[in-house]
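Visitor: Could you take me through one part of this model in detail? I'd like to look closely at how two pieces of a single chain meet.

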Amino acid sequence: MDFQERVKACVGDDLVSMTEFRGDVSVTVPRTRIVQVLTRLKEAEGLKFDFLSDLFGVDNSALGKGKKKGKKEDEEAPAAPKPPRYEVVYLLLSIEYNHRLMVKVQVEEGQMEVPTVTSIWKAANWPEREVFDMFGIRFKGHPNMKRLLMWDGFPAHPLRKDYPLEGEGEERRLVYGDA
Amino acid sequence: MGFQAYVGQGWVLSKLEQLINWGRSRSPWPLPYGTACCGIEMMAALASGYDMARFGAERPSFSPRQADVLIEAGTITKKMVPVLRRIYDQMAEPKWVIAMGACACSGGVFRTYSTLQGIDQVIPVDVYVPGCPPRPEGLIYALLQLMEKIKQDHPLYPQLAELKKGV
Amino acid sequence: MSRQLDAQAGHGTGDFVTINIGPSHPAMHGTLRVVALTDGETIVEADPEIGYLHRGVEKLAENLTYHQFIPITDRLNYCSAITNNVAYEMAVEKLMGIEIPDKAKVIRSIMMELARISDHIVCVGILGVDLGAFTPFFYLFIQREELYEIFEWYNGARLTNTFGRIGGVEADLPEDFEERWRRLVPNLRKAIDETDKLLTHNRIWMDRTIGVTAFSAEDALNWGFTGPCLRACGVKRDLRKDEPYYLYDQLSFEVPVGKHGDVFDRYMVRMIEMEESIKLVDQLLKIYKEFGPDDPLMAKVPKVLKGPEGEVYAAIESPNGELGFYVKGDGSDKPYRVKIRPPCYMVYQAFPELVKGEMVADLIACLSSLNIIAGELDR
Ligand code: SF4
């Protein structure tokens with residue numbers, strides 16, 4: 001079995017879609033099943049994805065807008081059913097076999113919660129916090145779901161596509177007596 | 001009262017002032033506050049090869065209480081602002097600030113939501129060193145410029161500076 | 001081991017003191033902050049806080065064109081800017097399906113190895129300074145200045161090199177590059193040797209580094225360690241060997257591994273890697289000489305780069321470990337999303353686990369040995 005077949009077999013019924021681009025294979029799985037899928041991938045013979053290389057979010061709400069810049073007509077085209085706005089991507093690596101896999105879950109705007117994978121890899125700790133910080137996606141069961149990079153009390157989630165690059169004038173001041 | 005009745009200073013005081021200025025300008029102890037890439041160049045300026053100690057910046061003083069010059073090398077993010085302000089507040093007078101690098105001067109290439117666009121929004125700056133990063137020579141030149149500035153100070157008669165400006 | 005005993009004995013009074021170290025503490029590299037709960041001198045719990053150098057690089061990437069982002073990558077790991085540039089360019093080239101000419105590959109590899117040496121010099125030098133050994137810092141920094149001069153001579157900048165372009169490199173190596181390198185090597189070797197003599201078998205150094213913050217290979221993998229920190233734990237993993245890119249599969253070099261994953265092993269791994277890098281540059285220069293002066297340096301690249309719709313991840317072995325770029329294109333001239341996988345991010349999040357039960361002074365030693373670069377940690 002080649003690599004893709006094996007991944008397909010391992011993910012089984014949870015597979016939503018599978019794509020390959022320039023040699024990078026990525027699979028999409030349902031949001032609620034992520035822990036089970038990753039556990040299976042970690043233990044499967046011949047795959048052994050035992051190393052979490054990275055975890056991050058993507059905001060897909062502006063996808064395709066860059067291309068059509070300036071062309072008004074296109075916007076009126078009947079909208080296809082909108083795909084979920086956010087994506088959380090897990091980059092897996094197998095130390096033994098030296099292959100990589102992208103696993104994605106899609107997150108709808110109304111249900112911003114994904115089960116945490118910190119129980120499988122401790123390495124997911126900060127990246128999950130960062131995803132929360134940057135996109136506002138919460139991870140259920142995470143031991144310490146706080147902002148990571150921005151200060152507590154920062155009002156927005158900066159990597160969302162509708163947040164301007166230069167910010168909205170947030171400031172942090174020195175207040176004596178504050179910790 | 002006393003000498004303040006004159007506009008200007010007498011011979012003794014101005015000589016004393018020169019002495020103080022000489023002392024101050026010859027030993028500006030820096031507080032190296034390197035936050036980013038510029039910090040590495042600042043380290044190079046303090047290390048062998050450039051050796052900023054030749055100009056009196058002999059002892060990098062890591063405590064703000066014993067420092068004269070705050071060398072702010074690197075980006076200051078908005079999260080860091082209270083820290084920077086507090087460090088500046090803790091320094092004893094007289095104190096000076098060198099802003100090293102484009103980031104410290106103006107935010108540099110990082111015109112983003114999380115970067116402070118120039119530290120002069122938070123603390124007063126005496127010498128700006130442009131560059132991304134400035135070469136160690138740049139920092140040394142800034143230190144020399146600062147020495148010149150210190151020499152023109154009026155530590156005993158601070159009003160004089162104001163008066164001079166008014167004329 | 002006596003250390004364990006101390007940790008258990010502590011003061012035992014139940015009087016815990018919370019101390020705050022950083023972010024402007026001299027040993028915290030400017031922008032790191034650790035809040036530690038201590039029992040006497042022993043750390044019960046440590047909680048690192050990061051983000052003091054979060055400059056919004058990833059957001060910036062979405063607003064710049066593919067080429068414009070290269071100079072920003074310099075500012076990630078500023079001790080070895082060249083590796084960042086190459087990692088990003090590799091990812092974009094993968095996205096666009098560009099194959100770069102062999103000569104460009106060799107030049108990139110040569111510069112990357114030089115950057116690796118200069119990065120390790122900073123790390124070892126600062127580790128020395130933080131543990132009270134000032135002399136090696138000065139010895140090593142003289143040689144690092146020489147390295148910087150080579151960089152400057154090649155492209156005009158000492159630190160922020162903006163090396164390479166998408167599709168190749170902008171310029172050939174200067175004519176007498178090799179001569180200059182030959183002149184540098186004996187001095188560099190001497191400085192490394194001298195550091196080795198001053199530190200490695202130094203009683204104080206050994207006491208302060210051996211066994212301090214030891215980490216097991218299993219934990220290290222679980223926490224996502226890569227690079228020298230992982231190798232110090234005894235896992236032989238180096239992307240140059242395991243997923244060879246460019247010409248690394250034609251070169252012969254050793255991958256040093258440690259045993260205990262303590263500060264000493266990390267230091268040793270870095271010292272040996274410097275030596276290996278010197279050898280690598282020699283081999284690469286030999287390959288380089290086979291190319292003629294007119295061989296192409298750039299692949300055919302359109303004037304306006306438009307990334308196709310798709311996403312790729314490319315990683316290289318940076319001095320700190322696996323440095324990866326995830327780039328997603330949407331058909332426009334700007335990347336849709338860039339995610340940087342900085343090596344020390346993963347290493348630093350294990351910090352509470354690393355220093356638990358150690359002394360406060362060991363916290364400093366541990367921190368410097370991990371080589372945490374705030375620029376790439378916070379991005
Ligand atoms: S001015 Fe340039 S080199 Fe200095 S801190 Fe800013 S980005 Fe880094």
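Guide: In chain C, 20 residues of domain 1 touch 22 residues of domain 2. Keep in mind as we go that this is a predicted model. To place the two partners, domain 1 of chain C covers 2-49, while domain 2 of chain C is made of two stretches, 100-302 and 344-378.

Now for what gets covered up. Together, domain 1 of chain C and domain 2 of chain C bury about 1800 Å², and carbon and sulfur atoms account for 68% of that. On the domain 1 side of chain C, four elements each put in at least two of the residues that touch domain 2: α1 (2-9), β1 (16-21), β2 (33-39) and β3 (42-49). Of these, β3(C) has the largest share, with 5 residues on that side. Sort the touching residues of domain 1 of chain C by class and you find 11 nonpolar, 5 polar and 4 charged.

So much for the surface; what about specific pairs? Between domain 1 of chain C and domain 2 of chain C there are 0 salt bridges by the rule used here, even with those 4 charged residues on the domain 1 side of chain C. Polar contacts do turn up across this interface: 3 residue pairs, with both partners at pLDDT 80 or more.

Where chain A meets chain B, 17 residues of chain A and 11 residues of chain B take part in the contact. Here the buried area is about 1300 Å², with 57% of it from carbon and sulfur atoms.

As for the makeup of the chain A side that touches chain B, the tally is 11 nonpolar, 1 polar and 5 charged residues.

How values were computed:
Residues numbered from 1 in each chain as written. Chains lettered and ligands numbered in written order. Predicted model: local features only at pLDDT ≥ 70, side-chain atom pairs only at ≥ 80, totals over all residues. Heavy atoms only, no water. Domains from an automatic or database assignment. Contact = heavy atoms within 4.5 Å. Buried area = accessible area lost by both parts, 1.4 Å probe. Salt bridge = Lys/Arg side-chain N within 4 Å of Asp/Glu carboxyl O. Polar contact = N/O pair within 3.5 Å; in protein donor to acceptor, adjacent residues only side chain to side chain. Nonpolar A, V, L, I, M, F, W, Y, C, P; charged D, E, K, R; others polar.
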